[in-house]
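Have a go at each task before you read its solution.

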Amino acid sequence: MKAKTKFEKQVVASNVRLTAVTSKAFEWGVRHLFKHPAFRVPSGLTTCGDCGHKFTHKGKGKFVVCPHCGRRLEIKETLKRTHKESTYFAIIDTIDGLQVERVFLLTAVFKKGEPLRYYEIEVCRLWLNAKGQTALTSKARTIGYYRDCFSWGSPIELRNMSDVHHIIANTWHYPIYKAIPELRRNGMKGTLPDCHPFELMKSLLTDARIETLMKSRNHKAVKYYLNNRSMLDKCWNSHKIATRNGYKIEDYGMWSDLIILLEKCGRDIRNTKYICPTNLRAEHDYWLNKSTTEQERRRKVEELLKAKKQEEDFYKNKSCFFGIIIKDKDIEISVLDTIEAYQAEGEAMHHCVFKCEYYARENSVILSAHDKDSNRIETIEFSLTENKVVQSRGICNKNTEYHDRIVNLVNANAHRFIKARATA
């Protein structure tokens, strides 16, 4: 791709001048991002995957500490001699007044009797200038079944940014980073919130609201609103008032839903009486019940007709996920595939999945978990930007005994949503 703008030409010039990354960064990634195995055979003979030391361990726990190197290891009951893991890993750097997120594919190889080996391949670089302009340099992508396949022999050069680059850049980053003066001025200092690094940097330069939240060190709010931009637009004024009055929001998802419910009920969403509840869950449930009074029930048909106006967009954005069913021996989880299903789910579970128009959210998929007797257990929101479950709520927004099991089951099948979106 040929550089056309002044910014793109600057990126191309800086791209070839980037230096190699210190091995200390990759050693940190290997140490923190992988599950380090201990190979144990039936006799109890255990081999450390990190240093290759052999020792005897017959305990019943899932973890053991190597007596030689002191590494905490996850026990693997296996006769296999090799274990290999890979993950994307980012390093945040600067050059020539530009901010860059460098994304690597980091691979660790654990082999019995040998020290741990690792290697890395740089995949792409996401660029940003002080004005918030973005560009990408990357290896060429291949055409095939997997979306994140790259031609490893190709050069890293200027290319069009796709959602694949955006997804793989949403990964763990080395905590020691560099930032351009404009980002440091806007609050990018110290530990960063657990969110998309590049989206955070871009928002700090283009959105004064995210800058305000970062400067106040409210990482929980930054993470939530970066993944829910529409909620930031709706709740920002209420958030400022709540913050000025010293109100601490513990659950931003539930609090934002409360603001929407208050607005639907005609209440003043700038009044601290309503937006600063002592018991957030109780107030959320109260206004949810308030919005489903007899008067509201008579308007249920009108609400459904109003929602049906968005049915075309709903099917356009969500139909590729219809038919996905995730299950184990006790639980079956399926995607809600009609507007009516959202309404029925919200009424049965006494939460706001329909009232707050989750069917209109482009970057998430809503699923319903049932037990083997077809009883509803929890409603799950799967984020298409984070590729993981962001919330799972039982009746009245409470967690059930199956909560962790449901979340882990859906997260383990995240690849099915990525694949479905890719083939849409």
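Before you start: buried means under 20% relative accessible area, exposed means over 50%, and partly exposed is in between (1.4 Å probe, protein chains only). Helices (H or I, at least four residues) and strands (E, at least two) are DSSP runs, numbered from the N terminus. You're looking at a predicted model, where local features need pLDDT of at least 70, side-chain atom pairs count only at pLDDT 80 or more, and totals for chains, interfaces and linings use all residues. Residues are numbered from 1 along each chain as its sequence is written, and side-chain values use heavy atoms, with hydrogens and water left out.

**Exercise 1.** Find the buried residues of helix α15 (residues 339-349) and what covers them.

*Solution.* Step one: go along α15 and pick out I339, A341, Y342, Q343, E345, G346 and M349, its buried residues. Step two: look for their cover, counting a contact as heavy atoms within 4.5 Å. That cover includes the helices α13 (300-308) and α14 (311-318), plus the strands β14 (364-371), β15 (376-383) and β16 (388-393). Step three: check just past the end of α15, where H350 has a positive phi of about 55 degrees.

**Exercise 2.** Is T338 buried, exposed or partly exposed?

*Solution.* Next, take its relative accessible area, which is 24%, so T338 is partly exposed. Finally, list what T338 touches: leaving out residues up to four places away in sequence, you get F314 and Y315.

**Exercise 3.** Describe how α7 (residues 219-227) and α8 (residues 229-244) cross.

*Solution.* Two packed helices are described by the angle between their axes and the distance between the axes. Axes here are lines fitted to C-alpha atoms, for helices over the stretch in contact, and angles run from 0 to 180 degrees between N-to-C directions. The axes of α7 and α8 come within 7 Å and cross at roughly 135 degrees. Now sort the angle: under 35 degrees is roughly parallel, over 145 roughly antiparallel, 65 to 115 roughly perpendicular, and the rest oblique. So α7 and α8 are oblique to each other. To finish, find the residues that meet: A221, Y224, Y225, L226 and N227 from α7, against R229, M231, L232, C235 and H239 from α8.

**Exercise 4.** How many helices and strands does the protein chain have?

*Solution.* Count the runs and you get 17 helices and 16 strands. For the overall extent, the C-alpha atoms fill a box of roughly 70 × 65 × 45 Å along the principal axes. As for burial, 49% of the 424 residues are buried.
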